[in-house]
Amino acid sequence: MNKNDLIHILATPDRLELERIRGAAEETLLRCCGNKVYFRGLIEFSNLCDNDCLYCGIRKSNRRVARYVLTKEKIIEAALWCGEQGYGSVVLQSGERCDEKFIGFVEEIVAAIKDKSRTPAMPEGLGITLSVGEQSEATYRRFFAAGAHRYLLRIETTSPELYKRLHPANMRLPDRIESLNALRRAGFQVGTGVMIGLPGQTVEQLADDLLFFRDIDIDMIGMGPYIMHHDTPLSAWRDVHERTAADRFDLALRMIAAARLLLEDVNIAAATALQAIDPEGREKALSWGANIIMPQLTPTEVRHDYQLYDGKPCLDESADQCRSCLQIRIAGAGREIGYDSWGDSRHAINKR
Ligand code: 5AD
């Protein structure tokens, strides 16, 4: 597939053809990755952030957010609950900080979760994915040594102009790309992704994003629609080239299908942001080529304070409710849940 093919998938107005594209993406998924959907229990353990991304609700300058850091005990408790449910993996996500206190804390919780989650069903313990932003290679190595083996760092957009418009001057696209390379050198399976439907973003840029995923040989993808947050500078741009929520949703599903057709054996997450637009967003993503779901394990008392965008779904659902809700949704999409397994991407496994 070349850039024009990708643009065509992202832009064709022909609904019948689009349904054929969806079917082909689903068929590629089942052939290259199987029928299973894997869970990563998501623990948003802190919203403290040193960055000031113009689109993000927990950006440093947003004084209206009550800041929190979960205790080590709370985080471990949530992770072990996840193990008991047979989920197999957790994602530890937070705002970005690079101070030693933070780095040491992450290292400690990773090691503790690894240690405490070993069971007869999972002798190697839970799979741990980190999503704590741009760090030095030395830090990535410490995280890997502590027991994390996958890392998510969205590139957000590969367009240098758009990247500049969305971030403060101290954040640079080449640094972020270098971070992805450093993660790979440190031994991680690496995931990245973009926001879809950003103000001023074109389908050409999105096609380039997909080619970038291929060129850096990514193992996992997490991408979803851009959704405005009312307390961010980007919300002032709502009238500039703005697509409707339905259009951003449609474009996100097309991006998932295009990524599946282009990359075949990578893991692709059905992003929670999809569900902020459509109550059936995540199931729909499964039938467009996604195979990973991240159920919320963040304790409900702080979940309201981790709002990257407006209308975050499932704010008050307990982890238990979330579990039964997802079981029904996944069965409804004709898929099976992959219990008690890390569910690494076939792409990463095939590389070994
Ligand atoms: N809309 C959608 N996604 C967002 N993110 C941050 N802010 C928003 C928003 N307003 C995404 C970014 C980041 C991830 C953790 O959340 O892509 O990498």
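How many residues apart do Asp-250 and Arg-254 lie in helix H9? They are four residues apart, about one turn of the helix. The model examined here is predicted: local features require pLDDT of at least 70, side-chain atom pairs count only at pLDDT 80 or more, and totals for chains, interfaces and linings use all residues. Residues are numbered from 1 along each chain as its sequence is written, and side-chain values use heavy atoms, without hydrogens and water.

The side chains of Asp-250 and Arg-254 form a salt bridge at 2.8 Å, N to O. A salt bridge is a side-chain nitrogen of Lys or Arg within 4 Å of a carboxyl oxygen of Asp or Glu. By this rule the count is 28 salt bridges. Helices (H or I, at least four residues) and strands (E, at least two) are DSSP runs, numbered from the N terminus. An α-helix has 3.6 residues a turn, so residues three or four places apart point the same way. Asp-250 is buried, at 18% relative accessible area. Arg-254 is buried too, at 4%. Buried means under 20% relative accessible area, exposed over 50%, and partly exposed in between (1.4 Å probe, protein chains only). Elsewhere, salt bridges that share partners join Glu-137, Arg-141, Glu-178 and Arg-185 into one network.

Other bridges link separate elements. Arg-176 and Glu-134 pair through their side chains at 2.8 Å, N to O. Arg-176 lies in helix H7 (residues 173–185) and Glu-134 in the loop between E4 and helix H5 (137–146), so this pair ties together parts that are 42 residues apart in sequence. Both Arg-176 and Glu-134 are buried. A further salt bridge joins the side chains of Asp-231 and Arg-64 at 3.0 Å, N to O. This pair links distant parts of the chain, 167 residues apart. Asp-231 sits in the loop between strand E8 (220–225) and H9, and Arg-64 in the loop between E2 and H3. Asp-231 is partly exposed at 22% relative accessibility, whereas Arg-64 is exposed at 68%.

The E8–H9 loop also holds Pro-233. Pro-233 is partly exposed, with a relative accessible area of 32%. Beyond its neighbours within four places in sequence, Pro-233 is in contact (heavy atoms within 4.5 Å) with Leu-54 and Arg-59.

Tyr-55 is also one of the residues around the ligand. Arg-154 places a side-chain N or O atom 2.8 Å from a ligand oxygen. A polar side-chain atom of Glu-156 is 2.5 Å from an oxygen atom of the ligand. Leu-308 uses its backbone: an N or O atom there lies 3.4 Å from a ligand nitrogen.

The largest nonpolar core has 101 residues. Such a core is a set of buried Ala, Val, Leu, Ile, Met, Phe, Trp, Tyr and Cys residues joined through side-chain atoms within 4.5 Å. Ile-43, Phe-45, Leu-92 and Phe-213 touch the most other members. Helix H9 (residues 245–263) gives the most to this core, with eleven residues. Apart from it lies another core of six residues, including Tyr-38, Leu-42, Ile-292 and Met-294. Leu-92 is in contact with Ile-43, Phe-45 and Ile-75, among others, leaving aside its neighbours within four places in sequence.

Ile-75 is one of the buried residues of H3, along with Ile-76, Ala-78, Ala-79, Trp-81 and Cys-82. Cover for these residues includes strand E2 (41–46), strand E3 (89–94), H4 and helix H13 (319–332). The 13 residues of helix H3 (residues 72–84) should span 18 Å at 1.5 Å a residue, and the end C-alpha atoms are 18 Å apart, which agrees. The expected span is 1.5 Å times one less than the number of residues. Gly-86 follows H3, with a positive phi near 80°.

Two loop residues contrast in burial. Thr-298, between strand E10 (292–293) and helix H12 (300–303), is buried at 0% relative accessible area. Thr-298 touches Leu-42, Ile-43, Glu-44, Tyr-68 and Arg-303, not counting residues up to four places away in sequence. Pro-123, between helix H4 (100–116) and strand E4 (127–131), is exposed at 55%.

Notes:
A residue is near a molecule or strand if one of its heavy atoms lies within 4 Å of it. A polar contact is a pair of N or O atoms within 3.5 Å; within protein, one must be able to donate a hydrogen and the other to accept it, and residues adjacent in sequence count only if both atoms are side-chain atoms.
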